[in-house]
Amino acid sequence: MQTIAHMTEYGHELLVACSEPAAGLKAFIAIHDTTLGPACGGVRIWPHASEKDAVTDVLRLSRAMTYKSAVAGLPLGGGKGLIWADPRADKSEAMLRAFGRCVDSLGGRYITTEDVGMTPADLEHVAQETPHVVGLPTSMGGSGDTSILTGLGVYLGMKAAAKAAWGSDDLAGRAVAVQGFGNVGRQMADHLLREGARLVVADIHDGARELASKMGAQTVAPADIYDVECDVFSPCALGGALNRDTIPRLKCKVVAGGANNQLLDDADGDELHRRGILYAPDFVINAGGVINVAAEIGGVYRAERAREMTERIYETTERVIAESQAEDIPTHAAANRLAARRLEAVRRLRPTFRDRRGRR
Ligand code: NAD
């Protein structure tokens, strides 16, 4: 990937590389678009195989955040952080604080929060160095665990997709194959099991598989999850799960999960559409987390507001599917268009007095 060419093609504003050798920090912050407000998105800690993979990941994730906040109706732009390290082996207070300093240097243009490899407690270290952090523990006045509302939103988006696929949003008796039983996978599974769905779970960690079994799910090896006969395939691990190798293996009618960037490429969304598999776009249905942290910006966390906005994900998913069906376009294209329309409308606003005084 040519970094600048990629940024130009997809409209990124900024990519920052952060280095603090004493703390073992190697990180990137990508800001995609701040038309709607400051860029907000979690920081992921992940040991990518190469620097190129890490940069590609953070750029793609930051763009998805712009679209996610736009579709969810939030006054936020899209950004993302990526600490290039193994969260189980390398994470330390010093590393997290060094990352916090890097966030602080951007003066609020990027607001960070939790993502894969991070916990609310880790964010406390980041918050020692910068006020531009959301998703802090409730004991610190924050909104707490983002995965609770993410899981709820994914479940509701799945129900909306089920209604379009089968004429009823009832998931009782439906088989759902879940890839990744981490924070989001577990929260979503809770709702599904309560409704009477049957779960088949794959995770690369023994502990996660054991928990899934205890909760009543069947488990399979990670490599086999794509071949499971199911009604819904639910990617809840990392991005790129839907690609030219995996899509032909799917035996489902609906794809609906919490992972970010499930489509390796837009062409993979076209392929799902061609095969008649209804894909509930990831950034539409997994917005509960960013909705939750957005309700914390300004100092007072408004839990009811966050839940209310998350519940709207059902209708937004229905709207995206309806547009896709009316025009025979893939659902990811319909969702992108919805986001682009909002961005375009706000971009066209004339500068105001506050802008001229240097608000941004
Ligand atoms: P997590 O780290 O708690 O869970 C991820 C799980 O996936 C882990 O249990 C991991 O072992 C498993 N996993 C990784 N690779 C796998 C593979 N190849 N096969 C099977 N399992 C695998 O992270 P999370 O917070 O649950 O996030 C999951 C996904 O949802 C990520 O893509 C994240 O970006 C996205 N997301 C999370 C939130 C949130 O609120 N936490 C919000 C929006 C989107």
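This is a predicted model: local features need pLDDT of at least 70, side-chain atom pairs count only at pLDDT 80 or more; totals for chains, interfaces and linings use all residues.

Residues are numbered from 1 along each chain as its sequence is written, and side-chain values use heavy atoms, with hydrogens and water left out.

Q: Which cysteine does C18 pair with in a disulfide?
A: A disulfide is a pair of cysteine sulfur atoms within 2.5 Å. The search of the whole structure finds one. At an S to S distance of 2.3 Å, the partner of C18 is C102.

Q: How many residues apart in sequence are the parts that C18 and C102 tie together?
A: C18 belongs to strand β1 (residues 14–20) and C102 to helix α3 (residues 93–104). Helices (H or I, at least four residues) and strands (E, at least two) are DSSP runs, numbered from the N terminus. The pair therefore ties together parts separated in sequence by 84 residues.

Q: Is C230 buried or exposed?
A: Buried means under 20% relative accessible area, exposed over 50%, and partly exposed in between (1.4 Å probe, protein chains only). C230 has 11% relative accessibility, so C230 counts as buried.

Q: What is the relative orientation of α5 and α11?
A: Helix α5 (residues 147–166) and helix α11 (residues 303–311) pack at about 25 degrees. Axes are lines fitted to C-alpha atoms, for helices over the stretch in contact, and angles run from 0 to 180 degrees between N-to-C directions. Angles under 35 degrees count as roughly parallel, over 145 as roughly antiparallel, 65 to 115 as roughly perpendicular and the rest as oblique. The orientation of α5 and α11 is therefore roughly parallel.
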